[in-house]
Amino acid sequence: MTSTRRLCALALAASACLSGLPGLAIAAEAAAEPAAAAAVLAPNPNLLVQGIPAIPQALAAEVARYTDFRGHSFVDWHPTKREMLVSHRAAGGNTSQLFSLAAPVAGKLSEPRKLTDAADPVSRASYEPKQGRYIVFERANGGDEVAQLYRLNEGAAPVQLTPADERHALIGWLHAGGELIYASTPLDRTAKGGSRAEVTTTFWIVNPESSEPLKARRKLAELPGGGWFGGQLSWDDKQLALTRYISATESEIWLMDLSSAKLRQLLPAAGEAKASYFSAGFSHDNKQLWFSSDRFGEFRELQRIQLASGKSQRVSAGIPWDASGVSFSHDGKIVAAQFNVEGRNELRLFDAASAKPLPTPRLPAGNLGAAYFDHGRGELAFSINNAQGPSQVYSLNLAKSAKAGKAQIEAWTQSYAPPGVDTAKFPEQQIIRWKSFDGLSISGLLTQPPADKFPGKRPVLISIHGGPEGQASIGFLARNNYFVMEQGIALIQPNVRGSSGFGKTFLSLDNGFKREDSVKDIGALLDWIATQPNLDASRVLIMGGSYGGYMTLATATHYADRIAGSIDVVGISHFVTFLTNTESYRRDLRRVEYGDERDPAMRAHLEQISPLTNASKIRKPLFVVQGKNDPRVPYTEAEQIVAKVRELGTPVWYLRADNEGHGFSRKENQDFQFYSMILFMRETLLKP
């Protein structure tokens, strides 16, 4: 890592920063004048900027209308009132915070009431479940993902409930009230030299109103590994269902007896093959557990198991897509589940007693987000986002819908788009398909710029998702709409092998020694682009975040002659150093995906395919974006590729935020990254 502190602010007035900027004719001497200094945007003090030209204030003003889209995410229902918590970035705000929202009255939206106000985002919280007298929320610091739990009473300052040297996750409340269960994992901060031979996850129970919550908390169990998550309580508070995640294609369901803290493995049963299992929740009589699993085929079906006999029932065998996001009505009669249909989440309803499907009311068009039943009215809250706008929160009243014969839906929030942007004109994403090197069909999403405004062959931005088990899905493109609508760039979001949503076989096709087969999928996409009459194969830019950052760097090494440049956001540059430095609680989970670097043959393979090893092949301009506090892909992954590629003479832009982690969450940092990306595209993809 470079020892230089902060940025090109040193050089904002220097001709080195200004010389490469299109259309900015400012002499080096004039840059020091006050009027000229005011013409550029200084990065905030948390940003390290290297190699990036000065950002003209005129550019920031020009694109401002694409930087302030604001939606809402559902968080929780109030237990006694028709109110809810939502997460939202308010006007002028830098991060998303918690707001309380009263029910819509006479079709009018209520004014959100702000509950948290912090430098870091807050998006996960829960009401005290009896009267809603206070909330408990999670918040990390500077993107480090070391979530702490806080109690927030009306009109009081938040009270921290957990020790700072552990990361925590809220599991759920006892139905009897007064106590909640959370999980904690010790930290190593491996990027700073820490290490841990054995990783554990500890489950605690605590009364959040205790005057000394650290002394009052009681340990339920300490379990080996960092893959324990979920946690659904039985309605009688006797059992806790846990999912033990081993890999993207293997997980287990365990039951914990809360009185004795003893565990037993429920699924897979002894002698059954390994598969993916995710617990969903107990039936109202506590005799059954609902779950999803791909043990019968390619996709995760919704199923349920009789706890006494172990007999299972397939519920959604006729739906060939992954089930997720299960919610139960408070009376236990209805089950709401989401299904990932080619990148678009859809709602399905089931009768909890018979497990038979129920008619599903028609919802607003778009991709379904979180969906949760309230505490007694049979009202389902859900969010929807689509090409024309960010997430909006609605509620569906099932009882009223049944009586009326049509969906009774109310909007609780209205997404915001700045003046001057007509989101109704934003184009829909189209599913495209191409054959890869081995004949495998690969798909992706294509967003075309308006043909009347941008005729002829269009330059292409390929944006690769992370994971690698992630998925490019239908939805709002936010700032990326600027590239499509104002720069005439066609956006392609590929789902290369290893992506989720296309079956467990497809999900495993990039594991271990097969890693570069996914890179070849991008090579095949470049071939496909060359056959399209409206796409310009001579002007292609690659961009990706996290694993998509690795894919970006790998594409830059394999296909340097076919791209104009690449933008790597928090990407892996060397698998061995990544596995060494990623936080300990993630390491074993990542070894299953990428390969175990302790095995000599695998280590040699990982060395061979890593972009850092092949940095000499990166011959087109590179832009690297990184958060200093990233626990997943440590900032050292960015700094080593930046140093190596720069040493070899290829132009490199580097943007690091010292108050961010695995991607930027603060608007001011997102804005600066956006402005820089526009300049990078003008210098590479759009350069005459």
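Four strands, in the order 20-21-22-23, form an open sheet with antiparallel pairing, where strands are DSSP runs of E of at least two residues, numbered from the N terminus, and two strands pair if DSSP finds at least two bridges between them. Its edges are strand 20 (277–282) and strand 23 (312–314), each of which pairs on one side only. From one strand to the next the twist averages 30°, with axes taken as lines fitted to C-alpha atoms and angles running from 0 to 180 degrees between N-to-C directions.

Strand 20 and strand 21 (residues 288–293) are joined in the antiparallel sense over five bridges, and Phe 278 stands opposite Ser 292 in strand 21.

## Nonpolar cores

The largest nonpolar core holds 51 residues, and those with the most contacts inside it are Ile 462, Ile 492, Ile 529, Tyr 550 and Ile 641. Its largest share, seven residues, is supplied by helix 8 (residues 515–530), helices being DSSP runs of H or I of at least four residues. Apart from this core lies another, of 40 residues, including Val 63, Phe 664, Phe 674 and Met 677. Such a core is a set of buried Ala, Val, Leu, Ile, Met, Phe, Trp, Tyr and Cys residues joined through side-chain atoms within 4.5 Å, buried meaning under 20% relative accessible area (1.4 Å probe, protein chains only).

Leaving aside neighbours within four places in sequence, Ile 492 is in contact (heavy atoms within 4.5 Å) with residues including Ile 432, Leu 446, Trp 528 and Leu 535.

## Confidence and conventions

This is a predicted model, in which local features need pLDDT of at least 70 and side-chain atom pairs count only at pLDDT 80 or more, whereas totals for chains, interfaces and linings use all residues. Residues are numbered from 1 along each chain as its sequence is written, and side-chain values use heavy atoms, with hydrogens and water left out.

The mean pLDDT (the predictor's confidence in each residue, from 0 to 100) of the chain is 90, and 92% of its residues reach 70 or more. Over residues 1–35, however, pLDDT stays under 50, and the model has 51 contacts beyond four places in sequence for this stretch.

Notes:
Buried means under 20% relative accessible area, exposed over 50%, partly exposed in between (1.4 Å probe, protein chains only).
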